[in-house]
Amino acid sequence: MASSTTRDLAGRVAIVTGSTSGIGLGIAKVLANHGANIVLNGFGDAGEIEKIRAALAAETGVKVLYDGADLMKTDAVVGLITSAEKNLGQVDIVVNNAGIQFVSPIEDFPAAKWDAIISLNLSAAFHATRAAFPGMKKRKWGRIINIASAHGIVASPFKSAYVAAKHGIIGLTKVVGLEGAEFGITCNSICPGYVWTPLVEKQIDEQAKAHNMPKEKVISDVLLAQHAIKSFATVEQMGALAAFLCSDSAALMTGTAIPVDGGWTAH
Ligand code: NAD
């Protein structure tokens, strides 16, 4: 049982989408250490996911469930929320984190990739928020955290769908922040620069191939070129910020888009 962290989220239930890997898993771990019961979601090897689930429950003493809902399907997003309400009693915190990326010049950008990215990176957050909102409103407490990106604030070429979805989610965050205000529900976006995760590792490989460049050069000249602080953010830093946004100290923060991007969007 973790003892160094306050258990200020004890009794709360948090759903973290896309939490079998990367940022989502990092956030789920921190929220569990703060005492929240957790619903993990995402894809991957069933045995590996069960290991992650059981280890997190054992380390933190909270309930940890797994729901493999495919969030590109509206009914499955709604099902993720209603199953958590049924199995854990309520949903207090939703972290809309699941996301995918595809990089291509716009004239070659496959239409199906556009649809998939908008569906997962933007529409799933809308459907989850819509489904969780009535319960949060009833209990007069809720925290919705959208994992946007520095690409929700600024653009890069070849990322049309991703940048559009991330700009969209910052707009959604503002609306939900306003609508939740009188019910004790806050909604904020976290806007990471580059965080070291499988999604980014995949991008490094793809860009290295596309530009015929060594991976080290892709990291320094392409990815971290925009960071004033030349390092990757960590999933633990994302978790710590999410926990802060769930805390009473952040009760007045809503509708925001918080960059954690090494100074990228300060340019
Ligand atoms: P990741 O690839 O490590 O994890 C993505 C998660 O989403 C996985 O758990 C995966 O199984 C899940 N997922 C994929 N498709 C799904 C679907 N249809 N239904 C349900 N779950 C699905 O990625 P990451 O780097 O941890 O990124 C997480 C979020 O953070 C994304 O929204 C991403 O855009 C955002 N982000 C990442 C970075 C970065 O540098 N890594 C920077 C800015 C924003």
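**The ligand site between two domains**

Domain 1, which covers 13-195 + 234-262, and domain 2, which covers 196-232, both contribute residues to the shell around the ligand, so the ligand lies between them. Keep in mind that this is a predicted model.

Let me start with the site as a whole. The ligand takes up the space of the largest pocket. There are 30 residues around the ligand, and the closest are Ser21, Asn97, Tyr162, Val195 and Thr197. Sorted by class, that shell holds 16 nonpolar, 12 polar and two charged residues.

Which helices supply at least two residues each to the shell? Those are α1 (22-33), α5 (160-180) and α6 (198-211). Of the elements, α6 gives the most, with three residues.

For valine 195, a backbone N or O atom sits 2.6 Å from an oxygen atom of the ligand. Valine 195 is also one of the closest residues to the ligand. At leucine 71 the ligand atom is a nitrogen, and it lies 3.0 Å from a polar backbone atom. How much of the ligand does the protein cover? On its own the ligand has 830 Å² of accessible area, and the protein covers 93% of that.

Last, two backbone angles to look at while the model is on the screen. Lysine 140 is not a glycine, yet has a positive phi of about 55 degrees. Lysine 140 is in the loop that runs between α4 (111-139) and β5 (142-147). The other residue is asparagine 212, also not a glycine, with a positive phi near 50 degrees. Asparagine 212 belongs to the loop between α6 and α7 (215-223). That brings us back to α6, the helix that gives three residues to the shell around the ligand.

Key. Residues are numbered from 1 along each chain as its sequence is written. This is a predicted model: local features need pLDDT of at least 70, side-chain atom pairs count only at pLDDT 80 or more; totals for chains, interfaces and linings use all residues. Side-chain values use heavy atoms; hydrogens and water are left out. A residue is near a molecule or strand if one of its heavy atoms lies within 4 Å of it. A polar contact is a pair of N or O atoms within 3.5 Å; within protein, one must be able to donate a hydrogen and the other to accept it, and residues adjacent in sequence count only if both atoms are side-chain atoms. Accessible areas come from the Shrake-Rupley method with a 1.4 Å probe; for residues, only the protein chains shown count as cover. On a 1 Å grid over the protein atoms alone, a cavity is a set of points where a 1.4 Å probe fits but cannot get out, and a pocket is an open set with protein on both sides within 12 Å along at least five of seven lines; lining residues have an atom within 4 Å of a point. A molecule sits in a cavity or pocket if more than half of its atoms lie within 2 Å of its grid points. Helices (H or I, at least four residues) and strands (E, at least two) are DSSP runs, numbered from the N terminus. Ala, Val, Leu, Ile, Met, Phe, Trp, Tyr, Cys and Pro count as nonpolar, Asp, Glu, Lys and Arg as charged, and the others, Gly among them, as polar. Domain bounds come from an automatic or database domain assignment.
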